[in-house]
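Please walk me through this structure. I would like to see how its parts meet and which side chains pair.

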Amino acid sequence: MSSPTTLLDKVWDAHVVSPATASTPATIYIDFHLIHEVTTPQAFATLKERGLKVRRPDRTLATMDHATPTDFERKGGGVVIRDADAAAQIRALEDNCREAGITLYGLDSDRQGIVHVIGPELGVTHPGRTIVCGDSHTSTHGAFGALAFGIGTSEVGHVLASQCLLLEKPKRMSVTFNGRLSKGVTAKDLILGLIAKIGAGGAVGHVIEYRGSTIATLSMEERMTLCNMAVEAGGRTGIIAPDDTTFAYLKGRPFAPQGAAWDEAVARWRELRTDEGAVFDREVTFDASTLEPMVTYGTSPGMGVPIGGVVPEPGGDESAAKALRYMNLAPGEPLRGRPIDVVFIGSCTNSRISDLRLAASVLKGRKVASGVKALVVPGSHAVKKQAEAEGLDAIFREAGAEWREAGCSMCLAMNGDRLQPGQYSVSTSNRNFEGRQGQGGRTFLASPLTAAASAINGRITDAREFVK
Amino acid sequence: MNEPLRRLESTFVVLPNENIDTDQICPARFLTTTSRQGFASALFADWRFDKAGALRPDFPMNRPEAKGARILVTGRNFGCGSSREHAVWALRENGIQAVIATAVADIFKRNALKNGLVPVVIDGDSHASLVAHPTATVLVDLERLLVSWPGGEAKFAIEPFARHCLMEGVDELGYLLKEEPAIAAFESAG
């Protein structure tokens, strides 16, 4: 009998083209490659310089999301991009995809959206697949039991040219979540709680497998939020064993297996789980049942506290002290009630339909505080259409929020949506780094519920005031 | 292709903070480009320059003694966050060839190795000793996998193949392309 192995081992072993030797790492096959406009032009240029072709355009899918504006004009079926550099990047992606025969869901496509929203939505993200993208939040796809991780532009070139990567095997880490989340506490709070516990570098070198009784209670969209921010704990990625919830989500999606192939696939996918007795390099347990809504106060995602908490003393930690200076917050100061300028609901962390429903449940029949700018940005064109069919857009608009086109928007300041220097935001995105949402901008990371409630009061607010 | 790199001898600059993310190393507004070049002024732009675009004299890399330093010594988990390889390109354009820290973020490390930037991960005590010698010249020796300075030394590890690529100035793509028969066999077996 073979020794028990983890989910990571099973997916890894199934993709070894050439095993590691004393002098070379393993060659690992990549089942699927997602690409976008910002991290690919230099990779395509490398292929051209070397006279190489894209090896498997059929295993590559492109969209545009990062540099694309979310308030563009549609003119005569086309889209007008005002920023010349962004327009050039978009044009380069269109040209490169056309030349290579890669399917591109551009701004004129009803399948366009944030790359980590459309992959699962289209059924491209299958359990057991290896998936990469030139974007750190590729970890999102781990929610399906895929081994999915972000790569840099050089490796984008490697995958385009060879459909493989040279990889050292990451270490195995298990995070076991026990118990059911209380009312008003979301998957976003769970991941912010975990990162506050283990730190922004707590999982460096590891793949985190999320396990435990909490996971079974989470929807696929909640699991995606959890895996999305594994990288914010320093993890190479996050991964969750597929189950009936996974299969129910995937069934019938455009790129999911159909008919007899579906049944075969599900039978295969059911084997993708960590064996009893398998050993992890590191194990962490976390009680989800006592968790409160979380909010960050600093400039690293690990700087988070329960929403009723206060800004901690930095002690002798110069990094923490620098963060408080940047945020202009004092130790001991409560976070709840802190005035804010902007609320951003969106990003690959929290822009799916269930996130928008949560935000709408709070905003319905209420108004965004005067002087607060609230931006709701759906993760994809499909999410936008669904939200509009449910009347969520009307709820947001009537509340005084802006309802935008799909894209990364104010998660990262490179598409026109950004904070002004000194402004404070409550944001459902993933990074509170200095200037991440705009030079001099200050970010409080939180859940869609917290963001919506904070928009109404114009201050950091515990959404449980509104959610009875 | 990168220049072969076997030994690097240089003074260093200390950025003591932990979790320095790639948004600081190269802010997102510099990413709307299709080139691998042009990141010289992007490096630590919001820390290095004031609002008027003038160098901030108090930023460690701007001090006179930092001139010519090709090694950056930083706090834990350097390069966390976004996968942007532009952060590595920006460091390289500014002459940085090694980063010494007690931990370097995973994706950043992989990007660094592909661009002739050596990620040197050393233990906490050695790191503290190095930081206590701010004017020292450091030797990063890839043959011996040893970093040394007057009064101290520390071992570090680099994946054997990545080390080979750094020392010979070759990249991984050539090796991967030679894997073609094995890749084709893997595909037909699947």
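Between domain 1 of chain A and domain 2 of chain A, 15 residue pairs are in polar contact. This is a predicted model. Helix 1 (7–13), helix 4 (115–122) and strand 9 (147–150) of chain A each give at least two residues to the side of domain 1 of chain A that touches domain 2 of chain A. Helix 1 of chain A has the largest share of that side, with five residues. By class, the side of domain 1 holds 15 nonpolar, eleven polar and four charged residues.

The domain assignment of chain A gives domain 1 (7–167), domain 2 (171–290) and domain 3 (294–465). The C-alpha centres of domain 1 of chain A and domain 2 of chain A are 22 Å apart. In terms of contact, 30 residues of domain 1 of chain A meet 33 residues of domain 2 of chain A. The size of an interface is often given as the accessible area lost when the parts come together. Here, domain 1 of chain A and domain 2 of chain A bury about 2,600 Å² between them. Carbon and sulfur atoms give 64% of that area. Two salt bridges cross the interface of these domains. Asp275(A) pairs with Lys10(A) in a salt bridge, with the closest N and O atoms 2.8 Å apart.

Now turn to the contact between the chains. Here 64 residues of chain A are in contact with 50 residues of chain B. The buried area between chain A and chain B is about 4,700 Å². Carbon and sulfur atoms give 55% of it. Seven salt bridges cross the interface of chain A and chain B. One salt bridge joins the side chains of Glu155(A) and Lys114(B), at 2.9 Å from N to O. The interface of chain A and chain B also has 29 residue pairs in polar contact.

Which elements of chain A give two or more residues to the side that touches chain B? They are strand 1 (16–18), strand 2 (26–29), helix 2 (41–49), helix 3 (84–100), helix 5 (153–162), strand 10 (164–167) and helix 11 (318–327) of chain A. Helix 5 of chain A supplies the largest share, six residues. The side of chain A that touches chain B divides into 25 nonpolar, 25 polar and 14 charged residues.

Thr46(A) has a relative accessible area of 17%, so it is buried. A polar atom of its side chain lies 3.0 Å from the backbone oxygen of Gln42(A). Leaving aside neighbours within four places in sequence, Thr46(A) is in contact with Arg36(B) and Leu173(B).

Next come the salt bridges. Side chains of opposite charge can pair when their charged atoms come close. The whole structure has 42 salt bridges over all chains. One of them joins the side chains of Arg55(A) and Glu180(B), at 2.8 Å from N to O. This pair crosses between chains: Arg55(A) is in the loop between helix 2 and strand 4 (60–63) of chain A, and Glu180(B) is in helix 8 (residues 180–189) of chain B. Glu180(B) is partly exposed, at 33% relative accessible area.

Another salt bridge joins the side chains of Glu232(A) and Arg431(A), at 2.5 Å from N to O. Glu232(A) lies in the loop between helix 8 (220–228) and strand 13 (237–239) of chain A, and Arg431(A) in the loop between strand 20 (424–427) and strand 21 (442–445) of chain A, so the pair ties together parts 199 residues apart in sequence. Glu232(A) and Arg431(A) are both buried.

Arg357(A) and Glu390(A) also meet through their side chains in a salt bridge, at 2.7 Å from N to O. Arg357(A) is in helix 12 (residues 353–363) of chain A, while Glu390(A) is in the loop between helix 13 (381–389) and helix 14 (392–399) of chain A, so this pair ties together parts 33 residues apart in sequence. Arg357(A) is partly exposed at 39% relative accessibility, and Glu390(A) is partly exposed at 32%. Elsewhere, salt bridges with shared partners join Arg55(A), Arg56(A), Asp58(A), Glu180(B) and Glu187(B) into one network.

Last, consider the backbone of chain B. Most residues other than glycine have a negative phi. Asn19(B) has a positive phi of about 55° although it is not a glycine. Asn19(B) sits in the loop between strand 2 (12–15) and helix 1 (22–25) of chain B, and counts as buried at 18% relative accessibility. Phe44(B), also not a glycine, has a positive phi near 45°. Phe44(B) lies in the loop between helix 1 and helix 2 (45–48) of chain B. Its relative accessible area is 0%, so Phe44(B) is buried.

Definitions and conventions
Residues are numbered from 1 along each chain as its sequence is written. Chains are lettered from A and ligands numbered from 1 in the order in which they are written. This is a predicted model: local features need pLDDT of at least 70, side-chain atom pairs count only at pLDDT 80 or more; totals for chains, interfaces and linings use all residues. Side-chain values use heavy atoms; hydrogens and water are left out. Domain bounds come from an automatic or database domain assignment. Contact means heavy atoms within 4.5 Å. Buried area is the accessible area (1.4 Å probe) that two parts lose on being put together, summed over both. A salt bridge is a side-chain nitrogen of Lys or Arg within 4 Å of a carboxyl oxygen of Asp or Glu. A polar contact is a pair of N or O atoms within 3.5 Å; within protein, one must be able to donate a hydrogen and the other to accept it, and residues adjacent in sequence count only if both atoms are side-chain atoms. Helices (H or I, at least four residues) and strands (E, at least two) are DSSP runs, numbered from the N terminus. Ala, Val, Leu, Ile, Met, Phe, Trp, Tyr, Cys and Pro count as nonpolar, Asp, Glu, Lys and Arg as charged, and the others, Gly among them, as polar. Buried means under 20% relative accessible area, exposed over 50%, partly exposed in between (1.4 Å probe, protein chains only).
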